[in-house]
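Take a walk through this fold, from the overall layout down to single side chains. Keep the sequence and the model side by side as you read.

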Amino acid sequence: MSETALDAERDAVLATLRPVVDGIAATFGPVCEAVLHDYRDPERSVVAVAGSVTGRTVGGAMSEIGMRVLARGDEARDELNYVTRTDGGTLLKSSTMVLRDSTDAVFGALCVNLDVTAVDRAHALLGSLAGTAGTPADPPATTFGDDIDAVVEAIVDAHPLRRGTSWAALDRAQRLELFRDLDGRGVFAVRRSVEHVAARLGISRASAYHYLSQARAETGPAADPAGGHP
């Protein structure tokens, strides 16, 4: 099948799912958000959204979860009922269901986010009253935003090797580990990401490309070496 025919097929799938997005959000009410992504355009992947749990809007960028799916390419699998939280502290129970065309290639995702903050607080209160409350696990924070640059910067800033440590203080092995991990999380699967990472780290673009190339030489590429689509 030609690429033009495949794109038409993918467009048809997305068009079919648009009313599903509205239906999901209407069923679960104001605590629910449903988002439809077209990964052919990562910087503007949101093609439909209902609900406002994370403040997403049509034309917005994918989150770091979407970057991770994009980095895995056709090996990506559905991620169901995982718990995360926004930068603002909202606790979410989410599911990300990948969309495939007739060639089994991943081209998008349908995501559902439920705000379970109030439920978690009620659970903690009841556990405290019953004397059975334990120390809750701290769910990982996920950056949601309509600006892909802000998502990339947040991922870089939150990396453990970046907390309280300057680039100059990292040795070569740590620098390679940083780039290898960012690559595995899909950061370099979007356009201009290498330049944004370089600016965030305070290094030249040439240095960023060098460390990315060296990191990939050991593990294999997760995306196009120029920072484009995989």
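**From layout to side chains**

The protein has seven helices and five strands. Helices here are DSSP runs of H or I with at least four residues, strands are E runs of at least two, and both are numbered from the N terminus. Along the sequence the pattern reads α-β-β-α-β-β-β-α-α-α-α-α.

This is a predicted model, in which local features need pLDDT of at least 70, side-chain atom pairs count only at pLDDT 80 or more, and totals for chains, interfaces and linings use all residues. Residues are numbered from 1 along each chain as its sequence is written, and side-chain values use heavy atoms, with hydrogens and water left out.

Of the 230 residues in the protein, 45% are buried. Buried means under 20% relative accessible area, exposed means over 50%, and partly exposed lies in between, with a 1.4 Å probe and protein chains only. The exposed surface comes to about 11,300 Å², and carbon and sulfur atoms supply 54% of it. These areas come from the Shrake-Rupley method with a 1.4 Å probe; for residues, only the protein chains shown count as cover. Now take the contacts (heavy atoms within 4.5 Å). Among those in the protein with a separation of 6 or more, 54% join residues 24 or more positions apart.

Next, the sheet. Its five strands are ordered β2-β1-β5-β4-β3, and the sheet is open with antiparallel pairing. Two strands pair if DSSP finds at least two bridges between them. The edges are β2 (46–50) and β3 (79–85), each pairing on one side only. From one strand to the next, the twist averages 20 degrees.

Which strands does helix α1 touch? Helix α1 (residues 3–28) packs on the sheet against β1 (32–38), β2, β4 and β5. Its direction makes about 170 degrees with that of β1. Axes are lines fitted to C-alpha atoms, for helices over the stretch in contact, and angles run from 0 to 180 degrees between N-to-C directions. Helix α2 (residues 64–72) lies across β3 and β4, at about 140 degrees to β3.

Now look at β5. Nine of its 10 residues are buried, so β5 is largely enclosed by the rest of the structure. Seven bridges join β5 to β1, and the two run antiparallel. Here E33 has N113 in β5 as its bridge partner. On the β4 side, nine bridges join β4 (residues 91–100) to β5 (residues 106–115), again antiparallel. S95 stands opposite V112 in β5, and R100 has V106 as its bridge partner. The hairpin of β4 and β5 has five residues between the strands, and D104 takes a positive phi near 75 degrees there.

Is E79 buried or exposed? E79 is buried, at 16% relative accessible area. Its side chain makes a polar contact with the side chain of R72 at 3.0 Å. A polar contact is a pair of N or O atoms within 3.5 Å; within protein, one must be able to donate a hydrogen and the other to accept it, and residues adjacent in sequence count only if both atoms are side-chain atoms. Beyond its neighbours within four places in sequence, E79 is in contact with R68, V69, R72, S94, S95 and T96.

Finish with the cysteines. C32 is buried at 1% relative accessible area, and C111 is buried at 9%. The whole structure has zero disulfides, meaning pairs of cysteine sulfur atoms within 2.5 Å.
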